[in-house]
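Here is a friendly tour of one protein chain, meant to be read with the structure open beside you. Take a look at the fold, then follow the notes by topic.

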Amino acid sequence: METRFNSQLLERAVSELSKLPGIGRKTALRLALHLLRREPGEAKELGQAIIDMREKISYCHRCHNISEETTCPICNDSRRDQSIVCVVENVKDVITIEATRQHHGLYHVLGGLISPLDGIAPSDIEIESLIERVRTEDIKEVILALSPTIEGDTTNFYIFRKLQDSPVKVTMLARGLSVGNELEYTDELTLGKSIQNRIPFS
């Protein structure tokens, strides 16, 4: 392996760290050198935490949120309103909405958005499992909480069409959100108000 750092082990560490999103080689080198200066046990703890996360976290069979068990803690919480399901793009959006403390129902994580340009079709994300939940569970409202982007609007409309003949109420976040912005970058107050003031999808 060609090395620029007089150490193949350091080169390998920098190469692996730089594969993470938002981490360039300079930042990766800074992180690697920081770990090198710390006690060996700290690096081992970090490594073990990453291994444990990767091996022991899977996805809830019901809502597709991350979980250490077959069913996630949110789905298992009897205090939450089981009749309301908030549809989000990914796990980050669950964390973002939970931080607002304004949603007291359940979630459904799609795992992506419909995007023909990127080759992502409805069958590539968890839409059918959402339709199945509406069919088999006592769900009265589906909140479409997808980012106000072209892909988000396309996915919203597709889900709405699929649920059109069911008795479930379909709502969406109030448009206090800036068009084109990702949900995770919206401040908690604005997002919380958008959840509280959600409107019928039309």
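This is a predicted model: local features need pLDDT of at least 70, side-chain atom pairs count only at pLDDT 80 or more; totals for chains, interfaces and linings use all residues.

Helices and strands here are DSSP runs, numbered from the N terminus, with helices having at least four residues and strands at least two. The protein has eight helices and seven strands, and 39% of its 202 residues count as buried. Among contacts with a separation of 6 or more, 54% are made by residues 24 or more positions apart.

**The sheet**

- Five strands make up an open sheet with mixed pairing, and their order is β4-β3-β5-β6-β7.
- β3 and β5 are a parallel pair with four bridges, and Ile84 sits opposite Glu141 of β5.
- β5 also runs parallel to β6, again through four bridges; here Ile143 has Thr171 of β6 as its bridge partner.
- β6 (residues 169-172) and β7 run antiparallel and are joined by two bridges, with Met172 opposite Ile199 in β7.

**Helices on the sheet**

- Helix α5 (residues 91-100) packs on the sheet, where it touches β3 (84-88) and β4. The direction of α5 makes about 155° with that of β4.
- β5 is covered on both faces. Glu141 and Ile143 are buried on one side of β5, and Val142 and Leu144 are buried on the other.

**Where α6 meets α7**

- Two packed helices are described by the angle between their axes and the distance between the axes.
- How do the axes of α6 and α7 cross, and within what distance do they come? The axes of α6 and helix α7 (residues 150-163) come within 11 Å and cross at roughly 35°.
- The crossing of α6 past α7 is right-handed.
- On the α6 side, the contact is made by Ile127, Glu128, Leu130, Ile131 and Val134. On the α7 side, Thr155, Tyr158, Ile159, Lys162 and Leu163 take part.
- Sorted by class, this contact of α6 with α7 has seven nonpolar residues, one polar residue and two charged residues.

**Nonpolar cores**

- The largest nonpolar core has 39 residues. Which of them have the most contacts inside the core? They are Val87, Val88, Ile97, Val142, Leu144, Ile159 and Leu163.
- β3 supplies the largest share of this core, with five residues.
- Leaving aside residues up to four places away in sequence, Val88 touches Asp93, Val94, Ile97, Tyr107, His108, Val109, Leu110, Ala145 and Leu146.
- Another core, of five residues, lies apart from the largest one. Phe5, Leu10, Ala28 and Ala32 are among its members.

- Ile66 is part of strand β2 (residues 66-67).
- Is Ile66 buried, exposed or partly exposed? Its relative accessibility is 34%, so Ile66 counts as partly exposed; the buried class is under 20% and the exposed class over 50%.
- Not counting residues up to four places away in sequence, Ile66 touches Ile57, Ser58, Tyr59, Cys72 and Val91.
- Ile66 and Val94 are 28 residues apart along the chain, and their C-alpha atoms are separated by 9.7 Å.

**Two loop residues with positive phi**

- His64 lies in the loop between β1 (58-59) and β2. Phi of His64 is near 70°, a positive value in a residue other than glycine.
- His64 is buried, with a relative accessible area of 16%.
- Is Arg101 buried or exposed? With 68% relative accessibility, Arg101 counts as exposed.

How values were computed
Residues are numbered from 1 along each chain as its sequence is written. Side-chain values use heavy atoms; hydrogens and water are left out. Two strands pair if DSSP finds at least two bridges between them. Contact means heavy atoms within 4.5 Å. Axes are lines fitted to C-alpha atoms, for helices over the stretch in contact, and angles run from 0 to 180 degrees between N-to-C directions. Buried means under 20% relative accessible area, exposed over 50%, partly exposed in between (1.4 Å probe, protein chains only). A nonpolar core is a set of buried Ala, Val, Leu, Ile, Met, Phe, Trp, Tyr and Cys residues joined through side-chain atoms within 4.5 Å. A crossing is left-handed if the near helix is turned anticlockwise from the far one by less than a right angle, and right-handed if clockwise. Ala, Val, Leu, Ile, Met, Phe, Trp, Tyr, Cys and Pro count as nonpolar, Asp, Glu, Lys and Arg as charged, and the others, Gly among them, as polar.
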